[in-house]
Amino acid sequence: MKKEDIFARYSRQIFIEEIGLEGQKEIMNSKVLVVGAGGLGSPVIQYLAAAGVGTLGIVDFDEVELHNLNRQIIHNENSVGEPKVKSAEHFVKKLNHQVKIIGIDKKLDHSNAVKIISEYDIIVDASDNFATRYLVNDSCVNLQKPLVYGSILGFSGQIAVFNVNGSKNLRDLFPEPPSEDYIPDCDSLGVLGPLPGMVGSMMADLVLKIITGLPLPLNKMILIDTLKWRFNTIDF
């Protein structure tokens, strides 16, 4: 992309003093992996692609279902029955053809996590289950990769940055996943559509801050309660 085209497209980011043209170049040279193309992954993918992230990897093994559409905003009615990765690829290509999309239509597990994660600069955990969250966290710790974490349920959300410049990780806050006897999820307890949009947008913001070297809320978790409209931060 020509320099003048870069400025025309990303001028509102370049105008930010703390980012500028050099920061935009860093964004365009970055490689980010998003684990999950669902409720959280959708806004993350949307805003990272719009920002011009150079290489965007997306790993997911699910297909789009009708009940996804209240919150998974990169998919649409025509996507129902299609692999989420393919739907996400179509969305990004229409939004920003300059972004290199690497769709990984498979389940992230112990056999492939290290290989997949090792190829990216920053990892985004937009998954929806504890097994994947802990697998991603542990892989990032072993590979020394920054991790942006988010989770949602009902009216509540959590956001944190892990493993940046020696900062703490998920197991420092929650050493072990919860008992299998009580594992809440959106399938059984639901989620209000705008909540993942809020949390995912904040996650995308944190990714861009990592790329451009802006201050980060390290060793802190942001808690969101949209029912009572409360936003809290806890140190750990």
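**Exercise 1.** In this predicted model, determine which strands helix 9 lies across and at what angle helix 9 runs to strand 5.

*Solution.* Step 1: locate helix 9, which comprises residues 194-212. Step 4: consider helix 6 (residues 130-143), which lies across strand 1, strand 4 (122-125), strand 5 (147-153) and strand 6 (156-162). Helix 6 runs at about 170° to strand 5.

**Exercise 2.** State the strand order of the open sheet and identify its edge strands.

*Solution.* Step 1: the eight strands follow the order 3-2-1-4-5-6-7-8, and their pairing is mixed. Step 2: strand 3 (100-104) and strand 8 (230-235) each pair on one side only, and these are the edge strands. Step 3: on average, neighbouring strands are turned by 15° against each other, direction ignored.

**Exercise 3.** Describe the largest nonpolar core and the surroundings of Leu48.

*Solution.* Step 1: this core contains 37 residues, and Val32, Ile45, Leu48 and Leu56 have the most contacts inside it. Step 2: helix 9 contributes the most to this core, with eight residues. Step 3: leaving aside neighbours within four places in sequence, Leu48 contacts Val32, Val34, Val53, Leu56, Ala204, Val207 and Leu208. Step 4: another core, of 22 residues, lies apart from the largest one and includes Leu108, Ile117, Tyr149 and Ala160.

Technical notes: Residues are numbered from 1 along each chain as its sequence is written. This is a predicted model: local features need pLDDT of at least 70, side-chain atom pairs count only at pLDDT 80 or more; totals for chains, interfaces and linings use all residues. Side-chain values use heavy atoms; hydrogens and water are left out. Two strands pair if DSSP finds at least two bridges between them. Helices (H or I, at least four residues) and strands (E, at least two) are DSSP runs, numbered from the N terminus. Axes are lines fitted to C-alpha atoms, for helices over the stretch in contact, and angles run from 0 to 180 degrees between N-to-C directions. Contact means heavy atoms within 4.5 Å. A nonpolar core is a set of buried Ala, Val, Leu, Ile, Met, Phe, Trp, Tyr and Cys residues joined through side-chain atoms within 4.5 Å. Buried means under 20% relative accessible area, exposed over 50%, partly exposed in between (1.4 Å probe, protein chains only).
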